[in-house]
Structures are given as C-alpha cells and as structure tokens.
Amino acid sequence: MTASVPVLSDTQQVVLIRKLTALADDEIILAQRGGEWTGHAPILEEDIALANIAQDELGHAGLYLELRRALDGHDPDALAFTRSADEFTCARFVELPKGDWAFTMLRQYLYDAYEALWLDAARQSSYEPLAEVANKAFREERFHLQHTALWVERLALGTPESMRRTQAALNALWPFVGQLFQPVTGEDELLAAGVLPDLDAVKTRWDGLVLPHLTVQCGLSLPPAGAEQPGRDSHTEYLVPLLEEMQRVYRAHPDAELW
C-alpha cells in the first residue's frame, strides 16, 4: 500500500521539481548516447545488453518525470521532446559524444556507480513517492554497475591497446565527473528535510567504491582533478545536435495522439 504523500512547502516543491528534472535529463541524454551503439557494438550480446541499459535509463527518467507531473502537471514526453538545450539541466558529463567502446563503458560505469549509490540513499527519503521510485530503480542499477565494472576491468587488463584506450577515456572523462555531485539551487532545504540524499556522503561512498576499482583492480592512473565545473545551465556544443536528432520525430508531428 502506498503511504500518504507528505505535504511540501511551495519552495520545497520548486526545488524538488528542479532536482527531478536534472536527474531525468541526465538519464535521457546518457540513454541517447548508449542507444547510438545499437547495431554497432563489438559483440552481438553486448549490443543487446547496452540497448537494455539505455532503455532502463530512459525508464528511470520516466519515473522522475512522473514524480514531477504529480507536482506540477507537466507531461513527461513534452518535457523530453520539446525543450531546447537551454532548458535542459543535464550534466556535461553525459553530453559528450559516445567515443569508442572504452569511453562508453567507462562513462557508463562512473555514472552507474553514482546513480546506484544515490538511489540507495534515496530509498530512505522522507518523501515516500521518491523512496518508492528509488527502491524500484536501485535493483536495476545494481545490475548495470556489475556489468560495466566488469567491462572496465576487462578493457583495462586486456591488451596494451585496450588499456591505452581505457586510460585515454579516463583522462577525458575525469574533469567532468564532479558535476554529477553538484547540488541544484536550494537542494540544502530538501536535504535538511530528509527528502534528498546528502550528496557529499554519496560522493564519499563513490570514492570508496570507484577509486580502488580503477587504480588497484584495473591498474589505471587517476588524472589530476579537473577545474570546477559550471552549473547545469551551461552545456557543451554536443547537446544541441543530440537534441535535434532525438526530438526530430516528435517535433515533426506535434499534434499526434497515437504512435
């Protein structure tokens, strides 16, 4: 049985909508990057596996946007397919082109570790609808993390060429990864109310999980920490063309009711 929904103040609702949208935007854009491998992955089984992971990420985005709809009535499809790049609040980390297989697997691993730990903490949210969503998505995200952790290890310990590519991917991604842990404006209030997890605590757990895997297990070298990332209202040049492709059909038939 679903528990009663706690009453949020107007300010808390605004912040929660902002956070849910940022979470969904990360999932949507990363799923699009993962979907670009469909039909092109190096192994047939992995082609299917990565497509399934991308589908799961889109499913998580849908869960977050349904939570938002309950707060402000906005349609999830319209939010995904009609907003401009300036209105998206995804991290630059997920916007980067898919690169080679090592880049895609390493990015997915770094993201999966972040998402799994965030969801694990969000299962204790005082906002019951969010706790329910976190419980549901956490089960899937654990499998994603196991899968991509094995791929990063396989690539890093494979051949000199696969090691070189994995290290190059880490060098390219590392400056961007910190943006995943940036709070949205006003997030402190929802943290104090127990609605959202403590991002600093999530980051500490992420460091404890990811850093030994990359360095001890996989033999990779951590690059220097990147400069502080801009806010989620600042995007790379890669987001606009991605959205043009993703939104093309929906924008061509804005009045369609059945697909």
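User: How much space lies in the largest pocket?
Analyst: About 200 Å³. Keep in mind that the model is predicted.

User: Which residues lie nearest its centre?
Analyst: Trp 174, Val 177, Gly 178, Lys 203 and Ala 225. The lining of the largest pocket has 13 residues.

User: How do the residues of that lining divide by class?
Analyst: Seven are nonpolar, four polar and two charged.

User: Which helix gives the largest share of the lining?
Analyst: α7, with three residues. Both α7 (160–177) and α9 (199–217) supply at least two residues of the lining.

User: OK, α7 then. What is its end-to-end distance, C-alpha to C-alpha?
Analyst: The end C-alpha atoms of α7 are 25 Å apart. The helix has 18 residues, which should span 26 Å at 1.5 Å a residue, so the two values agree.

User: Where does α7 bend?
Analyst: At Asn 171, by about 25 degrees. A proline, Pro 175, follows within four residues.

User: Which residues of α7 are buried?
Analyst: Ser 162, Thr 166, Gln 167, Ala 169, Leu 170, Leu 173, Trp 174, Phe 176 and Val 177. Trp 174 and Val 177 are also among the residues nearest the centre of the largest pocket.

User: What do the buried residues of α7 pack against?
Analyst: Four helices: α4 (92–95), α5 (101–122), α6 (128–156) and α9.

User: Which residues line the second largest pocket?
Analyst: Ile 28, Gln 32, Leu 58, Ala 61, Gly 62, Leu 65, Pro 76, Asp 77, Ala 80, Phe 81 and Met 246. By class, eight are nonpolar, two polar and one charged.

User: Last topic, Thr 89. Where is its place?
Analyst: In the loop between α3 and α4.

User: Why does Thr 89 count as partly exposed?
Analyst: Because its relative accessibility is 23%. Buried would need under 20%, and exposed over 50%.

User: What is Thr 89 in contact with, leaving aside neighbours within four places in sequence?
Analyst: Thr 21, Ala 22, Asp 25, Arg 232 and His 235.

User: How far apart are Thr 89 and Arg 18?
Analyst: In sequence, 71 residues. In space, 8.6 Å, C-alpha to C-alpha.

Terms used
Residues numbered from 1 in each chain as written. Predicted model: local features only at pLDDT ≥ 70, side-chain atom pairs only at ≥ 80, totals over all residues. Heavy atoms only, no water. 1 Å grid on protein atoms, 1.4 Å probe; cavity = no way out; pocket = protein on both sides within 12 Å on 5 of 7 lines; lining within 4 Å. Points joined across faces, edges and corners; volume = space filled by probe spheres on them. Nonpolar A, V, L, I, M, F, W, Y, C, P; charged D, E, K, R; others polar. Expected span 1.5 Å × (residues − 1). Bend = angle between axes of the 7 residues up to and from the residue. Buried < 20%, exposed > 50% of the residue type's maximum accessible area, 1.4 Å probe, protein only. Contact = heavy atoms within 4.5 Å.
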